[in-house]
Amino acid sequence: MNPEVVVVGAGIAGLTAARTLAGAGRRVRVLEAACRIGGRMATVRTGGYLVDTGAEQISSCGYDTTWKLVRACGLARPELLPRLGAGVSLWRGGRARSGVTRLSALVTGAGLERGARRDLFRLLRQSRRGFDTGRPERSPLGECTVAELGARLHPSLSAHLLQPVASGFLGWHPERSTAAPLLALLAAIGPSSAWRTCRDGMDTLARSLAEGLDVRISCEVDEVRAEDGGVLVRTTYGDIDARAAILCVPAPIARVLYRNPDPAARAFLAACSFSPMLKVSYLLDRPLTPLGRPSGTLLVPVAEDSTVSTILAGHVKHPGRVPAGHGLISVLAAPGRVPDLLTSPDETIEHVLGQAAERFVPGLQRATVGTLVHRFRHGHPEATPEALRTRAAFEARLGAAVDYAGDWVRLQPNSEGAAEAGRSAAERVHARLGAGSAGAR
């Protein structure tokens, strides 16, 4: 029997949309091109190591829709969602400076000069007024980029906080991504003391959401086309006629798949570019940490190193990530190096990032017993000025036979943006289809 609704993509947005529609009594089928579900919230299990390939944490703050899903799946228990071990540090002057994401940085400095701390206080106060994660285009900063905002502030604040946070967490190029979504996100998620991880891997929520759903993996979609009375979805395994479809894939992919979109959608899809991301996980025979005070996350400004942007200590994040007495270090490439490395052989990427990370984690290469390379051609939506300019018109036209969901729809680059977009799209589709059921076509 053909489904009423086809959901393309089994990341958090797609699974949230499918679960919402199934809960409303709709027949839903989820199609996923990859051989697994979860999208950028996935986990690899190998030799006793638990390696999160993309997302590393969720916050207790600013993740309302995500936490509703967590509770609905029975996962809202401290032993299943423990707090992150240690916090976030920033590399400056030959060592890691702790407390970067805490308000205490205003007092301790966290590697920032007095003038930078004064500007940081003003920026934090501004970010708590008039910055809406769901409406970034309405912020007081308008289309100002991260780099343009940094030029108005103390040079140290730009070079040693705004740039490493934007590049380290989101893979953004500050000169082409807007500041409003970044500040809204930082204000919403709160300090790292509020961040949690999934004990059994960050794909736990995706796996729970998929239970009971009709999910087809390794099923590529070639084309989606709106037709009179419904939608045609062409796949590697044949055509599907449905009443509606939701594209829960990155904007550049949705732009290719959907052949006859609304002009307002076409403009936003063209403007919504993604930053590629590259990450290597080093499986260690001992628990190493970055120099300085142990932290779960070390941000490296481009002014300090042009190859590495972030270093994550998985065994510090949660000891269950590794076999007893072992370690797990993941290294993210700096945005400026990703294009050159993305298509390189795994061995080249492992060597380049491992050699650069040795400066921050001495002994990393000697302690390595295995590696995993994670490539994301579509890492995070970049929130360019043009995307911010065209988003409102795009959102106003949502609700057609072919709808969209993903963190890029809201320019809110995290799992909460994906989950909320999935929920909203499902509700629009359900309302559009009305009380009747089309049955098989």
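The dialogue below takes up the domains, the salt bridges and some individual residues.

Me: What kind of model is this, and how are the residues numbered?
Reply: This is a predicted model, in which residues are numbered from 1 along each chain as its sequence is written. Local features need pLDDT of at least 70, side-chain atom pairs count only at pLDDT 80 or more, totals for chains, interfaces and linings use all residues, and side-chain values use heavy atoms, with hydrogens and water left out.

Me: Into which domains is the chain divided?
Reply: The bounds come from an automatic or database domain assignment. Domain 1 comprises 5-40 + 202-273 + 384-439, domain 2 comprises 81-98 + 191-197 + 274-381, and domain 3 comprises 103-190. Taken over C-alpha atoms, the centres of domain 1 and domain 2 are 32 Å apart.

Me: How should I read the interface between domain 1 and domain 2, and what area is buried there?
Reply: The size of an interface is often given as the accessible area lost when the parts come together. Buried area here is the accessible area (1.4 Å probe) that two parts lose on being put together, summed over both. Between domain 1 and domain 2 the value is about 860 Å², and carbon and sulfur atoms give 68% of it. On the domain 1 side, Arg-40, Met-202 and Ser-273 supply 50% of the area buried against domain 2, more than any other three residues.

Me: Which classes of residue does domain 1 present to domain 2?
Reply: The classes are nonpolar (Ala, Val, Leu, Ile, Met, Phe, Trp, Tyr, Cys and Pro), charged (Asp, Glu, Lys and Arg) and polar (the others, Gly among them). The side of domain 1 that touches domain 2 has 9 nonpolar, 2 polar and 2 charged residues.

Me: How many salt bridges are counted between domain 1 and domain 2, and how many in total by this rule?
Reply: Side chains of opposite charge can pair when their charged atoms come close. A salt bridge is a side-chain nitrogen of Lys or Arg within 4 Å of a carboxyl oxygen of Asp or Glu. The count between domain 1 and domain 2 is 0, while by this rule the count comes to 31 salt bridges.

Me: Where does Asp-203 find its salt-bridge partner?
Reply: Asp-203 pairs with Arg-45 at 2.8 Å, N to O. Asp-203 lies in the loop between strand 8 and helix 8 and Arg-45 in strand 3 (residues 43-46), 158 residues apart. Helices (H or I, at least four residues) and strands (E, at least two) are DSSP runs, numbered from the N terminus. Asp-203 is buried, with a relative accessible area of 8%, whereas Arg-45 is partly exposed at 43%. Buried means under 20% relative accessible area, exposed over 50%, and partly exposed in between (1.4 Å probe, protein chains only).

Me: What does the pair of Arg-389 and Glu-143 tie together?
Reply: The closest N and O atoms of the Arg-389 and Glu-143 salt bridge are 2.6 Å apart. Arg-389 lies in helix 15 (residues 385-396) and Glu-143 in the loop between helix 4 (114-127) and helix 5 (146-151), so the pair ties together parts that are 246 residues apart in sequence. Arg-389 is partly exposed, with a relative accessible area of 45%, and Glu-143 is partly exposed at 34%.

Me: Is Asp-403 buried or exposed, and which residue does it meet?
Reply: Asp-403 is buried, with a relative accessible area of 0%. Its side chain meets that of Arg-428 in a salt bridge (2.8 Å, N to O). Asp-403 is in strand 19 (residues 402-404) and Arg-428 in helix 16, 25 residues apart. Arg-428 is partly exposed, with a relative accessible area of 23%.

Me: What surrounds His-160?
Reply: Contact means heavy atoms within 4.5 Å. His-160 lies in helix 6 (residues 155-170) and counts as buried at 8% relative accessibility. Leaving aside neighbours within four places in sequence, His-160 is in contact with Leu-90, Trp-91, Arg-92, Leu-112, Pro-301 and Glu-304.
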